[in-house]
Amino acid sequence: MKHTDLRLLPAAGTLWALAVLGISAGTAALIAAAAAGLALVLSVVLITRRTALAHTVLAHLGLLVLGCALLVPAVQRAGESVDLLEDAAAQGMQVELQLALSSEPSVPENGPEWERSGLQTMARTVPGQGTFGRDQHRVPGAVLLLLRAEGEAAEALGRARDGDLVTVRGAVRSSDGLRVLTARSVEVIPRTGVDGMLSNARHQLRMQAREGTSHLPADEAALVRGMSTGDTVGLSATSEEIMRRAGISHLVAVSGANIALVLASVLIPLLLTGVRRRPRLLAAGIAVAGYVWLVGEEPSVQRAATMAAPLLLARFVGLRASAVSALAFTVALWSVLDPVTAASVGFLLSALATAAILIASPVLAQAISELSGERIGSTPALVLAVPLVAQLACTPILILLTPEISIWAVPVNMIVGPLVGPATVIGLIALLLGTVAPAAAAALYTIAAGGTHLVLLIARTADSLPGSRIAVPAGTLGVLAAIGALLALAIWVLARRVAIVHWIMAAALVAVLAPGAARFLPGSPGPAWIVAACAVGQGDAVLVRSDPAATADPSTILIDTGPDPAALTACLDLLGVAAIDLLILSHPHSDHVGGNAALTGSRLPREQWVCPIEAAAHRVVPGVPVNVATTGHRWEGPGLDIEVLWPPTAADAESAAARESGSGEGDAANDCSLTLSVTWPDGLRLVSLGDLEPAAQQEVAALDIGPADVAKVAHHGSRFQHEELYQQLDAELGLVTVGSENTFGHPTDELLGILARSGTRPLRTDQHGTVILPAEEPFAPRSVGPAR
């Protein structure tokens, strides 16, 4: 790589950063950042005067001004569309919009059981007229949203394919930046002419691939198709999550590596058979265009295809092609033409990984070779460096998505690398062969499935090893920490021959690993805790225990088990919980008892409590004594006291449920929630409200239960709350157990407002992950696990 290859990079990178900022924070933030950057650049020009640096800076400034002239209107259009949707969500309007589906509609696989119904898909708004309430407004730009449908609307949505246009009527909700459109009706706009023919052909190829892999195990079949065409229908949520934690989720998201394999599978045979350069490159371009048509609008594929186009064109006319310049051109082009795509996670990860491989991997490979005393040659060093730099470059973005890392991600990528290429190419050959010889295609799919089976086996093995789920700080803090670590590593690699750098790095490592600081490192043992809110998705699983330092044999109580046994097991493993003295199942809904199956072996509770309605007795842990708990029921253990505050009887719960207005779920279970007072010897008090609805909350408030230090907020932070109860509790901390991907809009602005007016600080498992209250400092909560 030459110095001139980097000429476009500063301007393109800045433009890309401005696009991401504009989509994330709005046009005003983009303009403010651009103005600050302009002032900085002009200051540099004035200081350097007529030097070569000044001319270079002015050249980049000219490119940026031109780019911003295109970028700002594009971001403004997207912002206006977001504002329309946010206003509709805030006012509860019914909307009618035209959408383009980004993926094939599928049954939701995440969340509690009652959410796994109907169909959902990601979609983009199509610029044009839309109806918001009774008014017509123009939707000026494309905005991503989640489209959900049930009943007749789901039946209609099921007839649509990815890329289809649909007219949707429904209601919009917004939760943490995710806009969800719940459809009342869906009308698929039929495709006609050449577009319709191409769509049908593409659909037939996909159906043919599913038929050709139908004899294989579901996960292996889905992974074969996912690696070759991005079609992952049938891949279990468990396998997908395991692959994510192992650092190989990119295998089922068609990316630049697939484009490279397509190019190689066309160019190499043609080269070996003596086909001349221009026909060879023309055939490769046609193959790439066909592949992009087949896999659809994956941002990573669009990035790779756009990058491949100038490279192929340059070689076609006989010019030297610079991959770094092509990447910079691609990033700049997508930033100004479609900033929504440029700011998408798939595009970010793809472009960052590619940039790291092109720019950083040769430097790191040279450093590895030098540090090994040339024992590792340049080629093996490059094999080590490529997956390492790609993983490191993507780490800040991955931490934003899930605040955890795995020390096995790079080794796993290196091990599965030799399996991925052949399996992908064989899958593509089978796809083409299936049009004329389905039996032969099925045989090839079986061969490819052997590779995918090994990939899954490697991922599952890595997921079971220590260090596969190291929690790191969530949000901005985690991202800044990751960027700081990457900058330190880059400085060390570039200045590795400077003695002072070695001393500085050694001093930094000593400071970080010192006993006083080591406990704050990811993966270090956390402090002794007395309360833990597990991040198990949209559900409750809260642990309380006596102070381990004050009690020789501390007691551990689990309040509810959440929606998923695997998520509960992960939390218990994380917290080192080996035994449970008491299980309290607040009420028999799946988001509170769905994880019961995790309690086996040494974790089988000694006893369990249930609420007094009849259904509660049928959703318990088998083989454990069951006690029906009502008001006044107590449990006293070493260093811990628990009392049931509500309900007095099943009839009282049913009476409260009958008085609810629009907040119940069709039964008395929520208002039968065991409401608990947990007290420690030093006077610290926690009150857990289960899923109580307003009428039952009023009954609890009438009992004058007094203040608490910590409150477990009712019903995951729904809008149905009784503010007087929270004012009475006057808690300093509020545990909000809620899923990061919930589609209910929890926690609602109404609940967060109640907590703010009560002076209660919310601790949210959808943002903070698994949260503990340390025994020594219970009012200094700490996040110890990833958000879910």
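The model is predicted, so to speak of local features requires pLDDT of at least 70 and side-chain atom pairs count only at pLDDT 80 or more, while totals for chains, interfaces and linings use all residues. Residues are numbered from 1 along each chain as its sequence is written, and side-chain values use heavy atoms, with hydrogens and water left out.

Let us start with the rings. A pair of aromatic rings is described by the distance of the centres and the angle of the planes. Rings of Phe, Tyr and Trp (its six-membered ring) pair if their centres lie within 6.5 Å; planes under 30 degrees apart are stacked, those over 60 edge-to-face, and the rest tilted. The structure holds 2 aromatic pairs. In one of them, the centres of the Trp16 and Phe347 rings are 6.0 Å apart with planes at 75°, so this pair is edge-to-face. Trp16 belongs to helix H1 (residues 9-25) and Phe347 to helix H13 (residues 345-371), so the contact ties together parts 331 residues apart in sequence. Helices (H or I, at least four residues) and strands (E, at least two) are DSSP runs, numbered from the N terminus. Trp16 and Phe347 are both buried, where buried means under 20% relative accessible area, exposed over 50%, and partly exposed in between (1.4 Å probe, protein chains only). Together with Trp334, Trp16 and Phe347 form one aromatic cluster.

Charges meet rings too. A charge sits over a ring if NZ of Lys or CZ of Arg is within 6 Å of the ring centre and within 35 degrees of the ring normal. Arg545 places its charged end over the ring of Trp529, 3.9 Å from the centre. Likewise, the charged end of Arg278 sits over the Phe316 ring, 5.2 Å from its centre.

Now follow the backbone. Trp646 and Pro647 are joined by a cis peptide bond with omega of about 5°, and Pro647 is in the loop between strand S17 (640-646) and helix H22 (650-659). Another cis bond runs from His746 to Pro747, with omega near -10°; Pro747 is in the loop between strand S21 (733-736) and helix H25 (749-757).

Which phi does Asp704 have, although it is not a glycine? The value is positive, about 55°. Asp704 is in the loop between helix H23 (694-702) and strand S20 (710-712), and is exposed at 58% relative accessible area. His715, also not a glycine, has a positive phi near 50°. The loop between S20 and helix H24 (723-729) holds His715, which is buried at 8% relative accessibility.
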